[in-house]
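Here are my comments on the model you sent. They are meant to be read with the coordinates open.

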Amino acid sequence: MTDSPPARRPGRPRREESGEIEQRLVESTMHMLVEHGPSLTMNTIITASGLSRKTVYAHYPNKPALLAAVVRHMLGYALQPLAVPPRPHWQESLLAFVEQGLAEVCEPHATAMRRLMMLNPSFMEEARPQIEQVVVRRYLDPLTAYLQSLVDQGILPDQDVAFAAESLTSLILSESHRRFFQGEADNGIDLVQLNRHARRLTALFCGGVASPADI
């Protein structure tokens, strides 16, 4: 008969357990924010997480502390660069990139985070450096590199590719702003409408970078 391992004495959870608890809390809160918005209560969060009240408050003493962790978690999702998909023609590759970008900035989690930061400006100030980092790493860097490759191949004329990439990124992000402030964000994403908008943006952008004007 084998001896069973000794039971661990009660006390502080191990670092691995603590990390799992925090991840569970943050993810539960993130999903509940989409459903309930910033009016979400700690009681609702505790119920959704399946954890005890004591455990939840041991990790986050109040709702603002937990919501701040949620904002950081949501931003952390987008730190990987968004690849420009390979297509037979460069315009099609940019269209696919724009479609992915629009889908991301208009998704429910992004809307929930925007509403949360609008209602609590301290979250916005705290998250601003990371938001800028996400925009640069997720959109600007891969887009700038792709446009530079088109210039190097002679497909596009020589131009300020960093400015061009920043302009297209601003157009993508502006759709999220428009939907939010016009009250369309809570109606879900109309993929047909989003694709139509992506085609308009891409056509406008490609026409500009293909024939840059000297002003």
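This is a predicted model: local features need pLDDT of at least 70, side-chain atom pairs count only at pLDDT 80 or more; totals for chains, interfaces and linings use all residues.

1. A search of the whole structure finds zero disulfides.

2. Cys 106 has a relative accessible area of 3%, and Cys 206 has one of 7%. Cys 106 therefore counts as buried, the cut-off being under 20%. Cys 206 counts as buried by that cut-off too, because its value is 7%.

3. Second largest pocket. The space in this pocket comes to about 190 Å³. Ten residues line the second largest pocket, and those nearest its centre are Gln 159, Phe 163, Ala 164, Gly 208 and Val 209.

4. Where the lining comes from. Helix 8 (161-181) and helix 9 (191-210) each contribute at least two residues to the lining of the second largest pocket. Helix 9 gives the most, with four residues.

5. Of the residues lining the second largest pocket, six are nonpolar, three are polar and one is charged.

6. His 59. Is this residue, at 18% relative accessibility, buried or exposed? His 59 is buried, because 18% is under the 20% cut-off. His 59 belongs to helix 3 (residues 53-59). Leaving out residues up to four places away in sequence, His 59 is in contact with Ser 18, Ile 21, Glu 22 and Leu 25.

Notes:
Residues are numbered from 1 along each chain as its sequence is written. Side-chain values use heavy atoms; hydrogens and water are left out. A disulfide is a pair of cysteine sulfur atoms within 2.5 Å. Buried means under 20% relative accessible area, exposed over 50%, partly exposed in between (1.4 Å probe, protein chains only). On a 1 Å grid over the protein atoms alone, a cavity is a set of points where a 1.4 Å probe fits but cannot get out, and a pocket is an open set with protein on both sides within 12 Å along at least five of seven lines; lining residues have an atom within 4 Å of a point. Grid points are joined across faces, edges and corners, and a volume is the space filled by probe spheres set on the points. Ala, Val, Leu, Ile, Met, Phe, Trp, Tyr, Cys and Pro count as nonpolar, Asp, Glu, Lys and Arg as charged, and the others, Gly among them, as polar. Contact means heavy atoms within 4.5 Å.
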